[in-house]
Amino acid sequence: MANLNIRSKQERTYQAIVIGSGISGSWAAKELCDLGVKTLMIERGRNVEHGKDYPTTTMLPYEFEHRGQIPQKIQEENPVISRCYAFREDAMHFFVKDTEHPYVQEKPFDWIRGYQVGGKSLLWARQVQRWSDFDFEGPARDGFAVDWPIRYKDIEKWYSHVEKFAGVSGFKDGIDTLPDGEFLPGYELNVVEKYFAEQLKKQYGGDRHMISARCAHIHGNAEYYAAQGRTLCQNRNLCQRGCPFGGYFSSNSSTIPWALKTGNLTIRPDAVVHSIIYDEEKGKAKGVRIVDRLTKETEEFYADVIFLNAAAINSNLVLLNSTSTRFPNGLGNDSGLLGKYVAFHNYRAGVSAQYEGHSEYTTSGGRPTSGYFPRFRNVYKQETDFLRGYAAGFSANRGARSNSDGIGLELKNNLLNPDQYGLWSVGSHMMGETIPKESNYVALDPSLKDEWGIPQLKISVDYDDNDEKMVKDYIEQMSEMFTKAGFVNIQTRDDHRAPGLDIHEMGGVRMGRDPKTSMLNANHQLHAVPNVYVTDGASMTSTSTQNPSLTYMAFAARAAHHAVAESKK
Amino acid sequence: MNRRIALRHLALISGGLVLIPSCDFSSDDILAAYENLKVTASQKALLGVISDTIIPAGEIKGALNLEVPDFILVMVNDCFTKENQDKFTAGLAAFPTYSLKIAGKKFDALSVKEKEELILNGTKLEGDETPEGKERANISYFLNSTKRFTIQGYMASEYIQTEIIPYSLIPGEYNGAVLISDLQKPRING
């Protein structure tokens with residue numbers, strides 16, 4: 001028996017463990033495996049294999065019993081996930097239902113999760129805009145959070161590295177707030193979006209831009225991506241079902257199969273991480289304790305280096321639950337900051353309108369992206385009574401509709417021959433930077449536990465006065481830009497949605513220069529436990545305005561190379 | 001879902017009806033496939049006539065040929081709140097009397113034109129707090145929901161999306177400046 005145990009322990013020992021298989025975890029694993037590191041990837045959910053486990057991907061509209069709608073009973077039982085725009089009949093099997101994984105909301109927080117191999121990389125909106133030094137220098141310039149320990153020059157080559165492999169389409173726009181990257185051919189804006197971009201140039205003297213948003217879709221160089229088993233995006237706009245073409249980047253279609261091909265990757269699905277095990281004698285982390293999702297049995301895995309990529313809030317949970325004599329308040333938590341300074345993106349407001357011009361035009365076909373406003377507020381200097389600013393999405397749409405007023409044969413003929421063109425509809429939504437604060441935090445609930453005996457998470461995150469002012473400014477500025485462009489019937493909304501529905505929650509394990517005021521150093525290592533790296537949203541010192549996934553990919557790749565270089569010292 | 005498919009198959013075998021014990025409608029059998037609604041076989045048949053008036057068969061199939069009444073009941077059963085289910089079924093239950101009162105005949109016995117008028121006028125009824133007003137509101141709610149689901153169920157049916165206006169999972173490269181005058185589609189005659 002003893003012999004068996006020893007062998008079993010050897011079998012459960014790897015050179016590296018990556019916790020999480022989503023965007024950042026799969027990037028860490030892919031880089032480690034490419035560098036010859038025997039890597040175990042631990043995922044709490046079920047396995048989802050590319051091409052094989054996308055049950056709805058080729059289903060036609062009439063094959064969905066409720067034509068896409070989520071039944072009332074499911075909505076009533078799961079109010080949080082039901083508020084997510086992508087939680088529809090075709091993709092609901094990839095989202096966590098409220099009832100399956102409860103958490104405590106001290107303040108309303110819509111926590112949107114995907115527990116499966118690939119995580120939310122199957123479900124993301126695939127927008128990939130780089131950060132610039134206007135973002136990395138934000139906290140230092142404006143006096144909030146702590147200074148980022150890195151700058152654009154530290155991450156620039158890693159952006160290029162991940163963009164090339166993931167496949168990013170876009171144009172070289174030459175805008176200093178949104179650096180250009182390694183782009184496949186971009187997707188052209190439509191005729192009204194181009195008109196609006198030109199109007200902005202005219203009206204604002206080149207200070208405001210609306211560009212085609214860079215997106216993680218393959219729009220050229222198909223030969224290069226064939227090596228990953230992927231091909232060109234087919235403009236289906238059914239991405240959330242999983243793409244059989246691998247047209248957009250997901251862990252499942254790209255980094256995971258690539259890492260598996262090296263022979264260095266082992267995936268352990270259905271393993272809920274309980275904690276990272278700290279070796280008090282050696283003064284470093286030595287492994288990961290998991291609870292099997294199905295059998296509820298505990299198991300341990302060991303490695304020299306551990307990457308924590310469980311998604312922002314769950315990475316906080318894992319560290320908080322990793323207690324030892326040395327770290328009674330959570331792994332690496334000497335500063336007491338773990339779980340604090342959580343922030344998100346403010347998605348509350350939108351402005352829509354109509355446009356009477358270009359009435360001779362419509363559009364055809366599909367496209368996986370739309371327009372994007374890089375931040376223009378408070379970029380070069382402080383100009384408003386709130387800090388930072390917002391990016392925004394923008395799109396213009398027009399299609400043929402049917403008059404459905406009548407009845408009988410007249411109605412039938414109208415429906416079968418849609419030929420009513422209304423005015424162009426235009427719309428925008430804000431993506432505001434929020435300021436991380438100590439009072440916005442996540443913590444372990446002292447009594448409630450989940451099905452696997454792990455404490456439930458308590459979330460206490462809210463808007464502040466800065467956010468309120470920013471919402472007001474976005475609505476004013478966007479309305480003004482719409483007016484100047486000649487748009488009519490302008491309507492504004494502030495839906496007061498709870499934080500979290502942006503699905504851009506960040507922080508809690510922030511990077512910084514000083515162990516007293518941060519958890520991670522410039523290389524994403526826990527200051528106090530340098531063989532643990534955190535390279536997902538938890539590591540974010542500030543949020544900026546850009547969709548964050550591309551930055552997590554670059555962080556993970558950079559940190560993986562750092563870990564391998566360290567191990568060779 | 002499996003249960004519903006099983007019940008449908010059973011209904012085919014037993015000649016259209018699945019019988020479950022009922023204390024509410026002793027003379028008419030409640031359909032078990034829509035477990036949140038107490039809808040009888042004759043009410044479903046009435047729904048069939050109404051949906052077929054909204055989208056009739058002609059050169060191409062109509063709502064009844066495509067089992068739209070089943071789609072309507074599935075949507076009301078699964079996707080409506082309890083409150084809206086109650087309004088829908090109350091409107092459905094009140095409709096035969098409404099037809100007698102307004103058109104002077106059972107709905108079945110009306111001409112096509114009379115049926116169309118009764119439904120269109122019914123969608124525009126406005127309710128109030130009186131018992132009669134509530135009934136008008138229910139009938140209007142029932143007819144508007146039925147019309148909406150008839151259109152959805154018909155247009156998003158296998159027949160329409162494969163034989164009449166084929167649906168493409170791959171819509172082609174985006175063109176952001178298509179001249180409407182260049183779009184010439186053959187007119188489909190219903």
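**Group meeting: cores, a chain contact and a helix pair**

Let's start with one residue. Ala565(A) is found in helix 14 of chain A. Keep in mind that this is a predicted model. Is Ala565(A) buried or exposed? Count its neighbours. Ala565(A) has 11 C-beta neighbours inside 10 Å, so it counts as exposed. The cut-off for exposed is 12 or fewer.

Take Ala91(A). In sequence, 474 residues separate Ala565(A) and Ala91(A). In space, the two are 40 Å apart, C-alpha to C-alpha.

Next, the cores. The largest nonpolar core has 159 residues. Which of them touch the most other members? Five do: Ile17(A), Ile19(A), Val162(A), Ile306(A) and Met553(A).

Look at Ile19(A) in detail. Set aside its neighbours within four places in sequence.

On to where the chains meet. How many residues of chain B are in contact with chain A? The count is 42, and they touch 37 residues of chain A. Several elements of chain B supply at least two residues each to this side. They are helix 2, helix 3, helix 5 (112–123), helix 6 (131–155), helix 7 (158–164) and strand 1 (175–179). Strand 1 of chain B gives the largest share, 5 residues. By type, the chain B side divides into 25 nonpolar, 12 polar and 5 charged residues.

Last, two helices of chain B. Two packed helices are described by the angle between their axes and the distance between the axes. Here, helix 2 (residues 41–54) of chain B packs against helix 3 (residues 68–79) of chain B at about 115 degrees. Their axes are 9 Å apart. That angle makes helix 2 of chain B roughly perpendicular to helix 3 of chain B. Their crossing is right-handed.

Which residues make the contact? From helix 2 of chain B come Lys44(B), Leu47(B), Gly48(B) and Ser51(B). Helix 3 of chain B brings Val68(B), Pro69(B), Ile72(B) and Leu73(B). In this contact, 5 residues are nonpolar, 2 are polar and 1 is charged.

Notes:
Residues are numbered from 1 along each chain as its sequence is written. Chains are lettered from A and ligands numbered from 1 in the order in which they are written. This is a predicted model: local features need pLDDT of at least 70, side-chain atom pairs count only at pLDDT 80 or more; totals for chains, interfaces and linings use all residues. Axes are lines fitted to C-alpha atoms, for helices over the stretch in contact, and angles run from 0 to 180 degrees between N-to-C directions. Helices (H or I, at least four residues) and strands (E, at least two) are DSSP runs, numbered from the N terminus. Angles under 35 degrees count as roughly parallel, over 145 as roughly antiparallel, 65 to 115 as roughly perpendicular and the rest as oblique. A crossing is left-handed if the near helix is turned anticlockwise from the far one by less than a right angle, and right-handed if clockwise. Two residues are in contact if their C-beta atoms, placed from the backbone, lie within 7 Å. Ala, Val, Leu, Ile, Met, Phe, Trp, Tyr, Cys and Pro count as nonpolar, Asp, Glu, Lys and Arg as charged, and the others, Gly among them, as polar. A nonpolar core is a set of buried Ala, Val, Leu, Ile, Met, Phe, Trp, Tyr and Cys residues joined through C-beta atoms within 7 Å. A residue is buried if 20 or more other C-beta atoms lie within 10 Å of its own, exposed if 12 or fewer, and partly exposed in between; C-beta atoms are placed from the backbone.
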